Amino acid sequence: ASGKVPGALAIPRGLVEFRADPASAMHDKAFDRGKTVVAYCASGGRSALVGKTLKDMGYANVRNLGGFKGWVDAGGSVEKS
């Protein structure tokens with residue numbers, strides 16, 4: 001299935017640090033250290049790395065959803081692109 005989890009931000013792995021850092025010119029205001037952040041990717045590997053990176057950056061409430069296919073197979077909602 002193609003698409004994304006409803007409400008998700010599509011951020012390439014290589015840009016997460018820039019988008020999550022409030023001091024960065026590329027900061028995305030959707031990132032908030034006070035909120036829970038749920039990461040996912042195609043297979044779950046990159047989202048695990050993103051979770052560790054965000055925790056290292058001071059995000060305390062980070063979860064790894066895993067792979068998008070698993071989400072779809074479990075009946076998760078999909079927002080079509």
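Modeller: Let me begin with Thr 53, which is buried because its relative accessible area is 15%, and please keep in mind that this is a predicted model.

Colleague: Which element does Thr 53 lie in?

Modeller: Thr 53 lies in helix 2.

Colleague: And which residues does Thr 53 touch, leaving out those up to four places away in sequence?

Modeller: Setting aside residues up to four places away in sequence, Thr 53 touches Arg 13 and Glu 17. With Arg 13 there is also a polar contact of 3.3 Å between the two side chains.

Colleague: Which other residues of helix 2 are buried?

Modeller: Along with Thr 53, the buried residues of helix 2 are Ser 47, Val 50, Gly 51 and Leu 54. They are on the same side of helix 2, because the arc they cover around the axis is only 165°.

Colleague: Why would residues three or four places apart point the same way?

Modeller: An α-helix has 3.6 residues a turn, so residues at that spacing point the same way.

Colleague: What do the buried residues of helix 2 pack against, and what does the face turned away from them carry?

Modeller: The buried residues pack against helix 1, strand 1 and strand 2, while the face turned away from the buried side carries the exposed residues Lys 52 and Asp 56.

Colleague: What about the span of helix 2?

Modeller: With 12 residues at 1.5 Å a residue, helix 2 should span 16 Å, and its end C-alpha atoms are 17 Å apart, which agrees. Just after helix 2 comes Gly 58, which takes a positive phi of about 100°.

Colleague: Changing topic, how many aromatic pairs does the structure hold?

Modeller: There are two aromatic pairs. Phe 31 counts as buried at 11% relative accessibility, and Tyr 59 counts as buried at 2%.

Colleague: And how are the rings of Tyr 40 and Phe 68 arranged?

Modeller: Their centres are 5.8 Å apart and their planes are at 25°, so the pair is stacked. Tyr 40 lies in strand 1 and Phe 68 in helix 3, so this pair ties together parts that are 28 residues apart in sequence.

Colleague: Is Phe 68 buried or exposed?

Modeller: Phe 68 is buried, with a relative accessible area of 9%, whereas Tyr 40 is partly exposed at 24%.

Technical notes: Residues are numbered from 1 along each chain as its sequence is written. This is a predicted model: local features need pLDDT of at least 70, side-chain atom pairs count only at pLDDT 80 or more; totals for chains, interfaces and linings use all residues. Side-chain values use heavy atoms; hydrogens and water are left out. Rings of Phe, Tyr and Trp (its six-membered ring) pair if their centres lie within 6.5 Å; planes under 30 degrees apart count as stacked, over 60 as edge-to-face and the rest as tilted. Buried means under 20% relative accessible area, exposed over 50%, partly exposed in between (1.4 Å probe, protein chains only). Helices (H or I, at least four residues) and strands (E, at least two) are DSSP runs, numbered from the N terminus. The expected span of a helix is 1.5 Å times one less than its number of residues. The arc is that of the directions from the helix axis to the C-beta atoms. Contact means heavy atoms within 4.5 Å. A polar contact is a pair of N or O atoms within 3.5 Å; within protein, one must be able to donate a hydrogen and the other to accept it, and residues adjacent in sequence count only if both atoms are side-chain atoms.
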